[in-house]
Every structure is written in C-alpha cells, then in structure tokens.
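Colleague: I'm new to this one, so could you take me slowly through a single part, the surroundings of the ligand, and then point out whatever the aromatic rings are doing?

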Amino acid sequence: MARESSAPTIIVGGGIGGLATAVSLASRGRRVHVLERAPAFEEIGAGIQLAPNALRILDELGVLDTALRDAVRPERGVLRDAQNGDVLVEIDFGEQFQETYDAPYVVTHRSDLLSALLAACESNELVTLENSRHVIGIQDRDDDVVVVCEDGTRYVTDLVIGADGLRSVCREYVVGDGPPVCRGDVAYRGTVPIALAHSAGEPPSVTWWVGPNMHLIQYPVRGGGLFNQVGVIVSDAYHEGVDPESQTWGTPEELDERFSQLDKRVRSSAALLNRDRRWALFDRPPTATWTRGRVTLLGDAAHPMLQYLAQGACQALEDAHILGQCLTEPGVATADALARYEQIRLPRASQVQLWARRVGDIVHGDGVIAILRNALLSQLAPNDFRLVDWLYADRQTSGLIPESSRR
Ligand SMILES: Cc1cc2nc3c(=O)[nH]c(=O)nc-3n(C[C@H](O)[C@H](O)[C@H](O)COP(=O)(O)OP(=O)(O)OC[C@H]3O[C@@H](n4cnc5c(N)ncnc54)[C@H](O)[C@@H]3O)c2cc1C
C-alpha cells in the first residue's frame, strides 16, 4: 500500500534553483518541502560565473556574504581570438561597472554557492529537506496535487514547483515537449591548481578564447587557488539520429584535434581539461507557458539554455526571487500569483534562451562571421557595457517588483 502524506508546497529538485526558491519562499513566511533525488545536496566540482543580476538576488535572499566567502572578483573579462591570441574586446569589471549594476561580477565554485543556499534552508524552520526522493509523476486533482516518488511515497500538497532541471519530470507534466535539444555542442570542464595555469600571477580575469566551432573559458575560483576551465567544441561527428548521450561523438580525440591548431596557451590549457566526463549541451526553444494547474516550473526545467551567456543559474535565481514575491503577495490567489510570475519572468528568460543560442553561433563562427564579429567587438571600449546592459541592469524582472506594478 503506497504511503501518502500531506506536505506544504513542494519543490522538486534541490539544485541552485530549487534551494534558492525554498529560501525565497520561507524567508517570506511560506512553508516548503524540498524533494531531491540524489542522496545529498551536491554540485559538481566546477566553477560558475555570477553576474550582477544574480548577486543582487543572493543579497535579497540574505546569502550573498556566505556564497561569496571564497569567490573571486575578476578585474576584467577578456575575449581573445583562439587562433592568434589577439584581444578582441575587454570589459572592465571595476568601479564603474559595479556602480552601474549595484554589484560586481564574480566567479566562484558551484558547491560554495549551493552550500550557502543549503545553510540558509537548514537554518529556516519553514524549510524541510528530503534526499533520495526521486519524483516520477504528478497527479493534479480538483483540490490538491499528488507527487509520486519512485519508492512509492506519495505527497499531497497545494502547489508543486518543478525545479528538477534539464530532464524535468514536472516539465513533462506541464508542457510535455519531450527530450531537450542537442545540436552537437559538448563541454569538458574542471579545475586544476592555479600554479598549472598559463595565467598564474596575472590579475584575475575571465578569459574567453573563441574560434571556429570551439571556445574555452578560464577563470580562477576558491580565493584564486584553483583555475576553472570549460572547453566546448561543436562536434562534426554529431548529426540527427545520433544518441546525444552516446560516447561516439564529441570525444576527447575530437577535442584535441579541434584545439591542435590554436594559440599555444589554448593548446596547453586544453591539455589540463578533465577527460573523464563530458557534458553534451542541451537547450529548448522557449515555451508558451510554465504552469499547468497547481504545478509551475523554474530554472532549467522552465528555460534550459546553452551556457554561452553564463546565465542559466542566474536566471534560476531571478525565477526564485520573483516566484517568492508573487506567491507571498497578501490576498492574491495562487493561480493569479503563478500567472503574474509567468508574466514577469517568461518573456525575459525566453529572450536569454534565444540569445544564448545566437551567441554560440557568433562565437563559434568562422570566415565572414568571425571577421564581422571581430570588427564589431573591436569598436567597444572596456567601459562600454551596451552588450551586457540588457542582462545585468534589468531590475523589473530580476529584482524587486516596483510598487507601481504591484496589484
Ligand atoms: C558547462 C556549463 C557551464 C555553465 N556555466 C554557468 C555559469 O557560469 N553561470 C550560470 O549562471 N549558469 C551556468 N550554467 C547553467 C547552470 O549550471 C544551470 O542553468 C543551473 O544549474 C540550473 O539550476 P537548476 O536548479 O534549475 O537545475 P539543476 O542544477 O539541474 O538542479 C536540478 C536538481 O533537481 C534534481 N532532480 C532532477 N530530477 C529529479 C526528480 N525527478 N526528482 C527529484 N529531484 C530531481 C537533480 O538531482 C538536481 O539536484 C552552466 C551550465 C553548463 C552545462
């Protein structure tokens, strides 16, 4: 006989999006229960870039100081041509940037961010956390919704927030649009001691090497002690019909081949990339809705994107903040709150999804595309923030909802 118990609002998935949502709701007085399928709340051993739009939210959630304890504040972002090493454009993350966006640009270790969110959940009595609960189904009834786990456990609740990532069970229930889309992009990543990095001793920066069907991102993390790298190639061996999860494409050999003709700093860095695991990259086109009845989505479950704007987690944090505000607005029915959440968040997150794809096409471009890209970028001064302004400055949808637009 299946066990059925009643639960407060359920958040499926305890990644960055799910735990941030738990903090956002509980800090406003709403009780939540997080179901995570993994036996522990954990992130992979890699870095993450956090832009000002995310930092303003971590501040609102009260976790900024803890999350950034070992973070690095790079002085600048540098885009380089991976073939000849030329600097194509720089962005200065100094005083003017920080004054413009009320926050710096930081790079940190994923597990430091997740630990900060987890600590905030654990210290709030309105949050309960459960591991090893693999959600396999949702049943929306007239007055409540049932969450079904693989082990037979069933929870009856008023609202389900699907923060269960790229292959979301909740999304399958809400949108039902099948598996996410792979276009043959694959990433290798990991951290090494900073002493092994070619840039050891230089001021901290985020460096983005771009070339035909490849890019390599590098930055220090953990107080500058570790060097994080993400190397991406667009595989020639991938085509329609290939299983995206098979190891037949985007192999380490293909990675080496693609990097072999590039600047020697790129080649030597690529040799440090971890070959044990690779990440096939996926996204989806934007969808018309994130909500069905008493189930809504956020983070990668709602708007999975290629990571080429370094915004997937930043957007999940924006979702968490706005959903928390909408659901705790006094006197507003849940259905109206969810509609408001979507109205604020869906257009912006969709725009980021679409632009992440376009940016991939531009940075991986060759021939005329690369010539035009380089010519346009070379006109930008380091304190010209026009390219990123729409992402980092948006306060209506990423920060507080202005009083004037509240009900
Ligand atoms: C190579 C790479 C580099 C990136 N770099 C950046 C960056 O610099 N900056 C940035 O902002 N973003 C970056 N991203 C994107 C970012 O990692 C994701 O957008 C973000 O982690 C999404 O968070 P999430 O909580 O929505 O989903 P996830 O992190 O996927 O979390 C989902 C959670 O739900 C759990 N779960 C899944 N299914 C179930 C189930 N059925 N039942 C219970 N639990 C379940 C999972 O175990 C997991 O804990 C990068 C992504 C990649 C691949």
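Modeller: Happy to, and keep in mind that this is a predicted model. Start with the secondary structure: helix 1 (16–26), strand 4 (47–50) and helix 9 (312–327) each give at least two residues to the shell around the ligand. That shell has 31 residues, and the ones that come nearest are Gly 17, Glu 36, Gln 49, Arg 110 and Asp 300. Sorted by class, the shell holds twelve nonpolar, twelve polar and seven charged residues.

Ala 310 uses its backbone instead, with a polar atom 3.2 Å from a nitrogen atom of the ligand. As for how covered the ligand is, on its own it would expose 1000 Å², and the protein buries 87% of that.

On to the rings. A pair of aromatic rings is described by the distance of the centres and the angle of the planes. The count here comes to eleven aromatic pairs. One of them is Phe 93 with Tyr 105, a stacked pair with 4.4 Å from centre to centre and 5 degrees between the planes. Look at where the two partners sit: Phe 93 is in the loop between strand 6 (87–92) and helix 4 (95–101), while Tyr 105 is in the loop between helix 4 and strand 7 (106–109), so the pair links parts of the chain twelve residues apart. Phe 93 has a relative accessible area of 6%, so this residue counts as buried. Tyr 105 is buried too, at 5% relative accessibility.

Tyr 105 has another partner in Phe 97: their ring centres are 6.5 Å apart and their planes meet at 70 degrees, so this pair is edge-to-face. Phe 97, like Tyr 105, is buried. If you follow the ring pairs onward, Phe 93, Phe 97, Tyr 101, Tyr 105, Phe 385 and Tyr 392 are linked into a cluster.

Finally, have a look at two places where an arginine meets a ring. The charged end of Arg 292 sits over the ring of Tyr 173, 4.1 Å from the ring centre. Arg 358 lies over the face of Trp 355, and there the distance to the ring centre is 4.7 Å.

Definitions and conventions
Residues numbered from 1 in each chain as written. Predicted model: local features only at pLDDT ≥ 70, side-chain atom pairs only at ≥ 80, totals over all residues. Heavy atoms only, no water. Near = heavy atom within 4 Å. Polar contact = N/O pair within 3.5 Å; in protein donor to acceptor, adjacent residues only side chain to side chain. Areas by Shrake-Rupley, 256 points an atom, 1.4 Å probe, with all protein chains shown as cover. Helix = DSSP H or I, 4+ residues; strand = E, 2+ residues; numbered from the N terminus. Nonpolar A, V, L, I, M, F, W, Y, C, P; charged D, E, K, R; others polar. Phe/Tyr/Trp six-rings, centres within 6.5 Å; stacked < 30°, edge-to-face > 60°. Buried < 20%, exposed > 50% of the residue type's maximum accessible area, 1.4 Å probe, protein only. Lys NZ or Arg CZ within 6 Å of the ring centre and 35° of its normal.
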